[in-house]
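Have the sequence and the 3D view open side by side as you read.

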Amino acid sequence: QPSIYGNLRTFWYSWIKPVLSRLPDDDTAKTDPYDTMLSCFTDLVLEHHVMHYRDFDFADENWEERRIGTSRPQVLVFAEKRGWMRLLRKVHEQFGVSVLALGGAPSALTSEYTVWHIGEALGPGVEVRLQLLGVVDYDAAGDIIARSFVEQLRQVGAQVDSVELLIEPRHF
């Protein structure tokens, strides 16, 4: 399988859209084929576990928002917003932990690559068991983002041993 050399949108425009553009237009079908493609990838990767995003060598658009820990890669400090990245980099450098700025809703592709890279740092045959520290807004959206991220990490093969959200009233 040759590499895509791009992201999911590259795959769409290189492989799917050219085929669909040759089909007769059916105005009765009100679907978004791009969303259907994304849903299919999500099902195949997260629900059925029959493939990985990395099988296509998709580019992870959040790669610059991730650092893998040097001494404690299994400790993952994540933030809801990219604005926390400067602080996350300092935490990474000072404590040797992994860090990731989600930039809003978590991406299954980014979650998969994060677990894979942490696994590489831990070494061959070592189970990825994560301790998570999260910086998300103390509101319903922040809670949903944190829970979704934890679930995605589990779906792509990580064991999540603990989750601690840092922005909660009890910490003040």
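## The nonpolar core

The largest nonpolar core holds 35 residues. Such a core is a set of buried Ala, Val, Leu, Ile, Met, Phe, Trp, Tyr and Cys residues joined through side-chain atoms within 4.5 Å, where buried means under 20% relative accessible area, with a 1.4 Å probe and protein chains only. Phe41, Tyr53, Phe58, Phe78, Leu132 and Leu153 have the most contacts inside this core. Two or more residues each come from helix 1, helix 2, helix 4 and helix 5 (140-155), and also from strand 2 (72-79), strand 4 (129-135) and strand 5 (159-165). A second, separate core has nine residues, including Ala79, Val97, Ala101 and Val135.

Beyond its neighbours within four places in sequence, Leu132 is in contact (heavy atoms within 4.5 Å) with Leu76, Phe78, Val150, Leu153, Val160, Ser162, Val163 and Glu164. In soluble globular proteins, nonpolar side chains tend to be buried together.

## About the model

This is a predicted model, in which local features need pLDDT of at least 70 and side-chain atom pairs count only at pLDDT 80 or more, while totals for chains, interfaces and linings use all residues. Residues are numbered from 1 along each chain as its sequence is written, and side-chain values use heavy atoms, leaving out hydrogens and water.

## The chain as a whole

The chain has five helices and five strands, in the order α-α-β-β-α-β-α-β-α-β along the sequence. These are DSSP runs numbered from the N terminus: H or I of at least four residues for helices, E of at least two for strands. Of the 172 residues, 40% are buried. Among contacts with a separation of 6 or more, 67% join residues 24 or more positions apart.

## The largest pocket

Which residues lie nearest the centre of the largest pocket? They are Leu8, Leu38, Glu61, Ser107 and Leu109, out of 20 lining residues. A pocket here is an open set of points on a 1 Å grid over the protein atoms alone, where a 1.4 Å probe fits, with protein on both sides within 12 Å along at least five of seven lines; lining residues have an atom within 4 Å of a point.

Helix 1 (8-20), helix 2 (33-47) and helix 4 (108-122) each supply at least two lining residues, and helix 2 gives the largest share, four residues.

## A buried glutamine

Gln155 sits in helix 5 and is buried, with a relative accessible area of 17%. Not counting residues up to four places away in sequence, Gln155 touches Leu46, Glu47 and His49.

Definitions and conventions:
Buried means under 20% relative accessible area, exposed over 50%, partly exposed in between (1.4 Å probe, protein chains only).
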